[in-house]
Amino acid sequence: MSSPLGSRAAILRRLDGAIGAAARGRAAFIVVEGEPGIGKSWLLDAACKLAQRAEFTVRRGQGEELERERPFGLIADALDLGSASDPERTRIAGVLARGGGTELAGTSADLRFQLIESMCDLVEREAETRPVAVAVDDVQWADPSSLLALYRLSRRVAYLPFVLLLGCRPLPRSRELARLVNILLELDCVHVSLPPLSHEEAVELAAQTAGAAGVGSKLEAHLRVTGGNPLFVRELVQTLVDEGAAELLDDVVEIDRRPQLSPSLRHTILRRMSSLPEETLDVLKVASVLGTTFALADLTTVTRQSPATLVGHLTDAVGAGFVHDLGGRFAFRHDLVREVLYVELLPTLRTSLHLDAARSLAAAGSSPGQVAAHFSLSAAHGDAEAVAWLTRAARELVGHAPTVAIELFERALELAPLSDPIRVDLNVGLIRPLVWTGELGRAEAVARELLAGADDSSVTGHAALALGSLYFLQYRLREMSELCTKRLAVEGLGAAERAHFLALAVMPEVASGELRRALTFAQEAFRTGREIGRISAVPIENTRGIVARLEGRYMEAVASGRRAIAAAQSALMHDPDLGVSPRLILANAHVFQSWNLIAADRIEEAARLLRSSMQEYERIGAVAYVNLCHRGLAYGAFLSGRWDDADAELESLRYLVEETQAQGLDTHQPDPWPLLALHQGRMTEASLALERLEQALPPERWRRGNLWFLPLKAEVLEAGGDAEAALDLLATQLRQAKEIGAVPDFRIFGRSLVRLSLDHDQRDLAERVVSGAAELASRGGGIATVDGISLLCRGLLEDDPDTLLDAVAAYREGPRPFDLAAACEEAGESRARHGFQDDGVKLLREASEIHATLGATRDEVRISHRLRALGVKTGARGPRGRPLTGWGSLTAAEQRVARLVPEGLTNTEIGARLFISGRTVSTHLAHIFRKLEISSRSELAAIATRESRGFF
């Protein structure tokens, strides 16, 4: 097509506009759909030329029907990861090539996460220096990991000069592709569904193809058999011209008789290809078995012909326009050309060629995935050779592409006889990818069947470990406990498996409040695992820290955390050959210690550990632990009054969970999402967040060790007007804590419980709280806010304004401004009631100022009412807040991010400067762009530069 036709020209103008907007700094997403031959590839080619004229770096990739088993194959080709000129590309390619041999956390989600984050960083870095366009054709054949990478990339580059162009058929449509397209639609992508050419457009294309000014009436009538498919039009007209059935008269192309041609595209293409030598056609038919693109070396292997002979045939095919030379690889001109040749082969011959290709490629040392793809298409039931290759490929791909691994395992199971012992191994292999892709019901059914029917202890061991991991992911503590008990009772259990199940048994014991039993299991796991080195001391110290924290001995918890970190650091130096990564264990120890530090009010120190751990987890791809870091950072930010940071961390966490399907682990620390929403006046969101948290918790018997959820629920219930229900929940929490031997963190709910108890004439309950808070202060080790809650509870019980003032003084020494505001509020109310109105008003105003700074609008409104009741005018405008738009609407964290944009840093580099993740930077930027009503980083850079001049 020498120039765009009609509707195609309008579509191209639309794409040009999107590309132009992207060049100014706001990413554009383009999806082109249509049947084979309808013009998708032409449109993508034209769009790429427009991008090149706009000075974009254009990168291309194409899906291959027979390469879905090659994880990240499409995106790796599109990003040119094989390039030796770029060290970062070489590094990513090395990780991809090594696969399971890399230092990973042990799940497929982790490996994919690591690779995807690296690829996104690569694109982001390039787009910071020059606009980038990534065009991918035939996405319907893309492997699932590439689709996941494209999905994540679309999130990361929203505010960069970037264009993503996708071409795909309406069918087939995998779940992953449907998800990607739906997400792009939500991002206002340009979605083009290419229709057939109108009759007038088909006539114009026919004239262009023939080099004529017009088309005669007979040819025009015959063009209707093309159905408006551009490829069909071109092939039909070119065939007629080549065969002399059409001639040019007075610049009009016409046929003098109705040609004896089949209306099918297949026959039209075959007629055109009949000009090739028969030997060349035979070679191309064999090549069609290898896929849309193929390597000369593979074709040499399969045909057993010399490269020189094949080059001659391929040169003829390239010269005739049916094949393109890609430099080392060849590609059919169009999918339809390959499909015509493939279908032309008799079914039995196709099967034979696939089998021959499989064996030849295997003998030549090709990848198991490539070999298995051909065995899958050729094998008959009972083919042991095919089963072996499918199994080998599946095991190799589990870490890269679990979805494809499942397909290969299932195909092997279809081929293996029911009596074949290999079926047991296949089912064992199937469990992990089923778990990692979210098919937990199937995974559990397979594992249970193996446990019930297998005699081999190694099989039952693998099945039990898989089942334990599944229970761990779903936080099914009862089943986890029962499984551990059953496995630990097995005679002759190996030391490694025994240590594993002892360590796994700790979680349900802690969660159910059996703290002594948890320590016993941890100690036994330590004794059993001593042979693996110093690192075995880490889990016992972590468990000691958890127990000490639940018992209110916060400084002892910190000491245990230090010992865990020291053991992990020693293992890192002296035990480099462990089966588990010492760096991962060290990062885990840092996370456990961060919980202890937060309890001890060393919040910034905890944040530093969490950020360093997050960097390590991202390096090795430990997704669940990255989520854990986001939760810890959010809670620390909430406590220290950086609510905008807390909100960004929580939003990043929600996106990451959505993308990876890795929920993270139960941390036994409050989740601040409902609290944040509640105090900011978003009651509906707070209730929804609470409901989601409750759905994720195990049954009540298995959450007695969770000392924060009931108080959190009580606070939301009280805010909704149900004070009695809130009191019942808080009293229940106090009773359960005593039953399990814990001293709860009264900073979370002591004030509320004393106040509600007194409001409902339950003074004895309030006295128990005061006693408990005093016990916590005696154990806490001089932590200011722990002393503060003890004073606050006693002051409320005794209605003593002086004690409440002492509580305020204690809170001033701590890092928790919201808790300080609560103490100021209670002390101010008491001082005013006891005749010291000026003091009371001053304290209430201080509380109001703190709430205004935090954005706690609900609390600010409440204090305004109290001040007015004291006769103090608070103004008619209500609570003060930031403006909704403009620079002044940005939070402090958002301004910190914005001020770094003019330096041309990537999100990852900005995150490194601010000690936050690149995902959190992306979240801040999304908020910034919305508030400033801009669409590009260049606009933000100009605004930030202008504001910074005034700032400095």
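This report describes the overall build, the nonpolar cores and the aromatic pairs of a predicted model.

## Overall build

The chain contains 46 helices and 11 strands, and its C-alpha trace spans about 110 × 75 × 45 Å along the principal axes. Of the 952 residues, 58% are buried, while the chain exposes about 38,600 Å², of which carbon and sulfur atoms supply 52%.

Among contacts between residues at least 6 apart in sequence, 68% join residues at least 24 apart.

## Nonpolar cores

The largest nonpolar core has 101 residues, and those with the most contacts inside it include Met273, Phe294, Phe332 and Leu408. When neighbours within four places in sequence are left aside, Leu408 is in contact with Ala372, Leu390, Ala393, Ala394 and Leu397. Another core, of 80 residues, lies apart from the largest one, and among its members are Trp708, Leu730, Ala821 and Leu854.

## Aromatic pairs

The structure holds nine aromatic pairs. The ring centres of Phe638 and Trp643 are 5.1 Å apart and the planes of the two rings lie at 10°, so this pair is stacked; both Phe638 and Trp643 are buried.

Phe746 and Phe749 form a tilted pair, with 5.5 Å from centre to centre and 35° between the planes. Because these two residues are three apart in helix H36 (residues 746–759), Phe746 and Phe749 are separated by about one helical turn. Phe746 is buried, with a relative accessible area of 2%, and Phe749 also counts as buried, at 2% relative accessibility. Elsewhere, Phe294, Phe330 and Phe332 form one aromatic cluster.

Key. Residues numbered from 1 in each chain as written. Predicted model: local features only at pLDDT ≥ 70, side-chain atom pairs only at ≥ 80, totals over all residues. Heavy atoms only, no water. Core = buried A, V, L, I, M, F, W, Y, C linked by side-chain atoms within 4.5 Å. Buried < 20%, exposed > 50% of the residue type's maximum accessible area, 1.4 Å probe, protein only. Contact = heavy atoms within 4.5 Å. Helix = DSSP H or I, 4+ residues; strand = E, 2+ residues; numbered from the N terminus. Areas by Shrake-Rupley, 256 points an atom, 1.4 Å probe, with all protein chains shown as cover. Phe/Tyr/Trp six-rings, centres within 6.5 Å; stacked < 30°, edge-to-face > 60°.
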